[in-house]
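Work through the exercises below with the coordinates open. Each one is followed by its solution.

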Amino acid sequence: MTVTGQTPAPTIEPGTADETRLLDRVFKLRELAILAVLLLMIAVTQADNPEFLSAQGVKDLLLNATILVLVASGQALVVITRNVDLSVGSVLGLTAFAAGDFLRGGGNAPVAVLLAVALGIGCGLLNGALVSLGRVPALVVTLGTLYIVRGADSVWVGSRQITASDLPDAFTDFGSGGLSAVPYLALIALAVLVATAYYLRNFGGGRELYALGSHPEAARLAGIPVRRRVLAAYVACGALTGLAGALYLARFGNVDSSTGSGYELTVVSAVVVGGVAFTGGSGSVYGAALGALLLTTVGSVLPALGVSSVWVLAINGVLLVLAIAVDRIVALRVARALKKRSAPTRRGLRHD
């Protein structure tokens with residue numbers, strides 16, 4: 001008699017692969033929509049003001065976006081893990097002044113940049129340790145460190161101010177220079193952006209950030225080192241904020257105790273407008289960069305059209321609310337689509 005062994009049915013995780021593909025398509029479309037709005041806004045402004053896209057105009061647009069792109073890229077890493085860093089504005093001001101103070105004392109520029117990045121990493125380590133190891137809510141931790149860093153910065157800086165005259169000419173020239181209409185700072189931001197996006201898409205550690213943002217408990221059960229990944233995201237955010245602080249100094253050449261105040265809200269707006277879901281697990285640094293470019297371009301477009309700049313904050317608020325509404329609508333539609341796709345599979349399993 002021949003005995004036929006029955007092969008156990010494989011464990012099925014309905015919608016896992018479908019969900020990834022569907023979300024990828026949705027957020028690519030979201031990023032394309034942001035790009036379309038950005039190009040339309042620029043085209044309308046150019047038609048009204050032919051000097052808007054002059055070589056200097058393009059250079060100014062890119063320079064205005066560079067600092068925000070860098071900080072938003074770091075913030076995106078944290079938000080993808082379902083956390084947030086509200087201390088980036090304070091860290092930006094602290095690192096910018098630290099780099100400037102070092103240069104004013106006779107230090108060289110590369111070491112000043114490394115000093116700013118190292119200081120940013122230290123702040124990121126503090127935030128990441130409290131959130132990941134201390135298991136304190138990110139909103140509470142980073143709101144606290146926002147005030148701690150800002151207070152320390154105010155005590156240290158006091159009434160002092162760093163101006164362009166205190167800095168080496170080569171450093172400030174680098175901050176405003178470029179290749180034709182493309183600033184050096186924009187090239188640095190682009191290199192960082194591409195490297196970060198490549199890591200997220202092609203390395204296991206990057207994909208794990210999405211996994212723990214989508215479902216932290218499932219990620220833990222799957223063996224993903226959740227605490228280590230959250231800590232790494234905060235350290236990367238701190239490093240990029242420190243780099244942005246050094247470049248801010250090169251770009252503007254003017255730093256005091258109020259530098260970066262309120263900047264964290266602009267950063268979060270850029271990330272959310274760019275399609276990085278505040279609930280974690282979706283979005284990309286390219287989207288965050290597009291969101292940053294969109295917000296800074298709004299600030300340049302309004303004066304070019306003769307509209308008062310007081311409308312900038314209102315428009316940014318409208319964009320943020322629209323982005324949150326779109327995220328909610330997309331989430332509901334994706335859930336319904338996945339439910340419909342998985343229904344035949346569940347019926348087939350019941351019949352078997």
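Buried means under 20% relative accessible area, exposed means over 50%, and partly exposed lies in between (1.4 Å probe, protein chains only). The model is predicted: local features need pLDDT of at least 70, side-chain atom pairs count only at pLDDT 80 or more, and totals for chains, interfaces and linings use all residues. Residues are numbered from 1 along each chain as its sequence is written, and side-chain values use heavy atoms, with hydrogens and water left out.

**Exercise 1.** Classify D153 and R150 by accessibility and describe their pairing.

Solution.
- D153 has 0% relative accessibility, so D153 is buried.
- R150 is also buried, at 14%.
- The two form a salt bridge (a side-chain nitrogen of Lys or Arg within 4 Å of a carboxyl oxygen of Asp or Glu), with the closest N and O atoms 3.8 Å apart.
- Both sit in helix α5, three residues apart, which means a separation of about one helical turn. Helices are DSSP runs (H or I, at least four residues), numbered from the N terminus.

**Exercise 2.** Locate the partners of the salt bridge between D166 and R104.

Solution.
- The closest N and O atoms are 3.8 Å apart.
- D166 lies in the loop between α5 (138-157) and α6 (169-176), and R104 in helix α3 (residues 88-104), so the pair, 62 residues apart, links distant parts of the chain.
- D166 is partly exposed at 26%, and R104 is partly exposed at 30%.
- D101, R104, R160 and D166 are linked in a network of salt bridges.

How values were computed
Helices (H or I, at least four residues) and strands (E, at least two) are DSSP runs, numbered from the N terminus.
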